[in-house]
Amino acid sequence: MDKHNKQILLPGVGWTALTVLIHPLLLKRGLRCISTVLRKFFFFQYRSALFPHLPVSRVEHTLDDKIPFNPLFIRIYLDFSAFWIRILGFLCRHGKQGRVLAADFITSITDLYSFAFLVYSKNLSTTDRPRYKKGMRFRLVHLLDPHLMCVPSLHVMLVIHGYTVLRRFLYCLGKESELNGLAEKTFKGAQAIAEAILYVKQHSINCIAASLYAMRHFDSSLFSAADAEVFVQGLFSTEEAEDIPGEYAPYYKGPLIQAKDMECLRKHIMELYGFFMNSDNNDWTAPILNFFKTLPQKPKKNDCKSA
């Protein structure tokens, strides 16, 4: 990302947090969001790990073995929260109108966690993630994440929602050309984070398919069927560092997956996404919950302990 666009898009997480603190509407929405995240993501996971009361499905796919474990990508993976917070900061910089939209954006993040919880509260899911705990970042991930809410992936949902909200806001401003491809660079950043969750083995390709399906139902006006296909077709295809935002570039050293495997991975994601869409009914969670029934329902003993 060039310097000019970085200054526009990235006012800084600290600056954004301060802005939220000093504006009553933003603070109220922010506190509600934090409460929801704690209750419906962290506390519920720990309760489920300590006092099992729901089925836990193993959601990995054999094709996940085609994706090498690469601990360097933990830095990109952990950027998923800062990713949408920077977008929030961008909205806040556009005066009173921007702050109102920022408040709505915070509310939508709250709603996104509650939306995913409709699945988590009925059936948990996990993958066989490595017991790799070298470095503070991996130790933090294992400490804070019992790894029981893989499908749908909130990491993928958050970054998709972030870039689609920004895209719509730029369109409403009529400043697409003025900002010189800012939406596209944010889109690439979202793809990089989606790839990173696979390289650090926090999720499966099945999780990505389910997340795309969930986002189609969360707000189809923001994320269309065409958007889902474009998002998937751009995964795993980064061969040159300049194809992605500059802050992520150092972790890409040419193709990390063989070309034939890239196509197989993308094909599976789109096929499973299509299966969910074609199985759709009045309850969007039903296809995912039915999918869980086809998978092993009991995790290995050390799954929860790996946290």
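**A surface patch, salt bridges and a cavity**

Good morning. I begin at the surface, where Leu-31, Ile-34, Leu-38 and Phe-43 make up a nonpolar patch with about 400 Å² of accessible area together. Please keep in mind that this is a predicted model. Leu-31 counts as exposed because its relative accessibility is 53%.

I turn now to the charged side chains. Side chains of opposite charge can pair when their charged atoms come close. In this model the count of salt bridges comes to 7. One of them joins Asp-104 to Arg-29, with 3.5 Å between the closest N and O atoms. Asp-104 sits in helix H6 (residues 95-120) and Arg-29 in helix H3, so this pair ties together parts that are 75 residues apart in sequence. Asp-104 itself is partly exposed, at 41% relative accessibility.

A further salt bridge links Asp-79 and Arg-86, whose closest N and O atoms are 2.7 Å apart. Are these two residues buried or exposed? Both Asp-79 and Arg-86 are buried.

Lys-260 and Asp-261 also meet in a salt bridge, at 3.5 Å from N to O. Here Lys-260 is exposed, with 53% relative accessible area, whereas Asp-261 is buried at 9%. Together with Lys-66, these residues are linked in a network of salt bridges.

The structure contains 4 cavities of 30 Å³ or more. The second largest cavity holds about 50 Å³ of space. Its lining comprises 4 nonpolar, 5 polar and 1 charged residues, among them Phe-41, Asp-145, His-147, Cys-150 and His-203.

Thank you for your attention.

Note on methods. Residues numbered from 1 in each chain as written. Predicted model: local features only at pLDDT ≥ 70, side-chain atom pairs only at ≥ 80, totals over all residues. Heavy atoms only, no water. Patch = residues over 30% accessible without salt bridge, like charges linked within 9 Å, V, L, I, M, F, W, Y side chains within 5 Å. Areas by Shrake-Rupley, 256 points an atom, 1.4 Å probe, with all protein chains shown as cover. Salt bridge = Lys/Arg side-chain N within 4 Å of Asp/Glu carboxyl O. Buried < 20%, exposed > 50% of the residue type's maximum accessible area, 1.4 Å probe, protein only. 1 Å grid on protein atoms, 1.4 Å probe; cavity = no way out; pocket = protein on both sides within 12 Å on 5 of 7 lines; lining within 4 Å. Points joined across faces, edges and corners; volume = space filled by probe spheres on them. Nonpolar A, V, L, I, M, F, W, Y, C, P; charged D, E, K, R; others polar. Helix = DSSP H or I, 4+ residues; strand = E, 2+ residues; numbered from the N terminus.
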